[in-house]
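Trainee: Could you help me learn to read domains and helix packing in a protein model?

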Amino acid sequence: MPRPGFVLEVDRSTPSILFWRGENFSLEKLPAGRSRVIYPPEPLDAIKDIDGAIRHALLNPIDQDPLPALLFPGMKLTIAFDDVSLPLPKMERPDNRQRVIEAVLDLVAEAGVDDVHLIAALGLHRRMHEYELRHALGDRIYDAFHSRGMLYQHDAEDHDNLAVIGTTDHGEVLEINKRAAESDLVIYVNINSVSMDGGWKSITTGLASYRCLSFHHNPETLENTRSLMGHRHHSALHTSVWRLGKVLKDHGPKIFQIETTLNTDMFPKPFEFINKREWEWTAKDRATFLGTTKALNRTPIKLARKIFHGMEGPHQMTSVQAGETEAVHKLTLEHVYKQQLVEVQGQTDILTMGIPFVSPYNPDGVMNPVLVMCMGLGYLFNMYRNKPLVREGGVIIMTHPTYRDFNPVHHPSYIDFFEQVLTDTTSPAEMSRKWEKQYAEDEWYKHLYRTGNAYHGVHPFYAWYWGAHGLQHAGKVIIVGGDAPTVRRLGFTPASTMDDAFEIASDVVGRNATITHLHVPALLVADVQ
Amino acid sequence: MKLNNTPSKLSSVPQLRKVAKLGDAAGAAVQAVLKPAKALGFPYRKPSVPKGQTVPETPSKLGADFETDWARKAPAKAVRAIVTNGPVRAVIKLLANPEINGLDRLADLERLDKTPALIFAPNHHSHLDTGVMIVAVPEPWRSKLVVAAAADYFFDTKVKGTLAALTLNAFPIDREVTGRKSSDELRRLLDTGWSLVIYPEGGRSPDGWGQDFKGGAAYLANRTGAPVVPVFIDGTGSIYGKGMKKPKPGKSKVVFGSPLYPIEGESTRRFNARIEAAVTALGDEALTDYWTSKQRAAAGTNPKLTGPEYNGWRRQWALAEHRKLGKAGQRRRQKRRWPDLG
């Protein structure tokens, strides 16, 4: 029976706590008497008969007819699926998407449907490499559909293949992939790693154009998104997305949404200690930790990155639900919260977090400085419900080497963003006004996005906006162990050690400030009371 | 000289006689030792059978009765691990270079705390198929894999039988008669966690096309509840098919299907038909692609493994066309070469 998450009050008997530091770890001693650590719930048990559960979901959908009843010969069917940003780390084969799409194709073949297109719903993310598509969908689907031109990736800049579905009462234009828009049925296959994903966000961002995304991916909306992972009505982003969803529901193609959730069993056997509570580490775990960290200290960064990105998580499906988008998503969120929610009493003065080697925007790539900010302030800061873990004006302390390193294939516009935009301003509103258009419309970035494996030119702005609420909320952000000039370029304060960071933080929050550590890995959402 | 010698010669006669006597005694002793036991008579030899009596035949220890339990004991397992991971793997790589697909379909079973015994049911074109299966089947099943082999072919002599049992962990089954002993023994093996490779076609293809499936795999699955994994092997027939005197190295492909479970109340015949349909669909998947195969399976139009209904040269002609699609055809395909434009 998996144990629920809990909050540990740190006392003198508490051992040092594990922190991510990019492609390595460290153990940090937190001050006794004023610190607490939020531990995530243990991984839930996976579904025993996963394929059986998928088939059951397709045949018994929520608030919709069974899938076979929606299929007929001669119809135009589009199956869209989440891109490589999910799950993290990539899961062992077979991926949820492969399992679900194979089950869907069984029914589609039985119904005699020939016109089937599979589209990777990547929005403005980079195109997936062939090996990534093969991993997500399996070799069988890739070999059968890709060579026929029936498996491809969404292109938000291909204006001939975009169609306007309608406009919301707030003037937001819903423009999505034309093939999906003209289909008799769109089946969306999702992996819901965090509560922010899924629902109407799947199609209205994954298959949308830049124009459509810019209505909610902007500083104003994201500063007003007061709970990205929590209640929808606290999130300006989700409110906008749900308005677009209504337009899609009323004027778009018929949608059959399939959502899956995963447990948090994220790291394979040799790295078991990552998911364990420190005082439960065995001699083997301690030896593995010591061996791993010592070895990684001497490993070239490229090799270390290769090792970490090559990992396949043993996480498995904990639920699958299909049918009408909103009804499905409601159930999905229940499953996500069941795995991730931890009740926490009150806010804190200092929030500490270890930043890992990967974020949703650098699978198999480099965690560049902009993404460090995005991961810390955009994702981990936002892992709360009700109110942020850190009080307004409090301090956020992250641990990461924050090297000035970029993947030029995946993140070409990030390099210029770092050199050109961040030297000018770190204010989301100001950079949006002065710089965003130039990057979004740059022909070279568009070319790299459309034909290579590059994120869209505007993507570094979106990554920065993702942390807009965190930036606005925190009184100071400190990065421990980061490259000092790079950290300063981000507008943050560098610190050599955790003790130094607490010392620096005391200028803002006083000497007896309370500290809360968000214990990642494993995902958790703090339900702050 | 002669006269002078005579008395001395005469004086040596008794000595010579003594030597001769000793020689005779030694010869008799040697003869007694060397004399074949049969010459000694009963009980040193088989008793003669009285007239009018017949001796009942001793049960044969060959064929389906070949004893192979020893091949599943630790020493034999250790030897087999060396043989299969060394020479067998090397030979298969050299001759058939198999491309293995569909292992993800076994991932769920592999993750279980107690992995169940499986019945692998591949099509059969060549003696190489067994080697290919031993190489292709993933752990944890590979190290506990028994191969059902034709008793009349592999176990007709002691040497062949011993080698087959030791190196392939072969178990004799009678192709002609449904032997209760074989099936009981196989059930016992499955119940004790040994997985099984059984060729439902009963033997290698005589003409390159497949044969109708016999119900052995379905019967065992029905009795034991073990899942059947349909497997399609492509290409081995043209590397070392029936009737070929020496192998022609080439490429092969192995496609594993999703495990099939016997449905409660389902007859062996129906389950066998499902297994055959699954292998047929995998065959189509191996030669075309997953989606084409799915569509044809739904419409019931997957090309049959047994080939076209007609006989004679047209059947062989169709086989050549069929092979062009698969791995066997690739051996003959020219690699595309781009012109060197300087």
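Predicted model: local features only at pLDDT ≥ 70, side-chain atom pairs only at ≥ 80, totals over all residues.

Trainee: Let's start with the domains. Which stretches of chain A belong to domain 1 and domain 2?

Mentor: A domain may be written as more than one stretch of sequence. In chain A, domain 1 covers 6-39 + 345-528, while domain 2 covers 50-262. Their centres, taken over C-alpha atoms, are 28 Å apart.

Trainee: How many residues of the two domains of chain A are in contact?

Mentor: Look at each side in turn: domain 1 of chain A brings 31 residues to the contact, and domain 2 of chain A brings 29. On the domain 1 side, strand E15 (384-385) of chain A gives at least two residues, and so does each of the helices H16 (428-440), H17 (443-451), H18 (459-466) and H19 (468-473). Sorted by class, that side of domain 1 has 19 nonpolar, 9 polar and 3 charged residues.

Trainee: Now the helices. At what angle do H9 and H10 of chain B cross?

Mentor: Picture a line along each helix. For H9 (residues 180-191) and H10 (residues 216-224) of chain B, these axes come within 10 Å and cross at roughly 55°. H9(B) and H10(B) are therefore oblique to each other, and their crossing is right-handed.

Technical notes. Residues numbered from 1 in each chain as written. Chains lettered and ligands numbered in written order. Domains from an automatic or database assignment. Contact = placed C-beta atoms within 7 Å. Helix = DSSP H or I, 4+ residues; strand = E, 2+ residues; numbered from the N terminus. Nonpolar A, V, L, I, M, F, W, Y, C, P; charged D, E, K, R; others polar. Axes fitted to C-alpha atoms, helices over the stretch in contact; angles between N-to-C directions. Parallel < 35°, antiparallel > 145°, perpendicular 65-115°, else oblique. Left-handed = near helix turned anticlockwise from the far one by under 90°.
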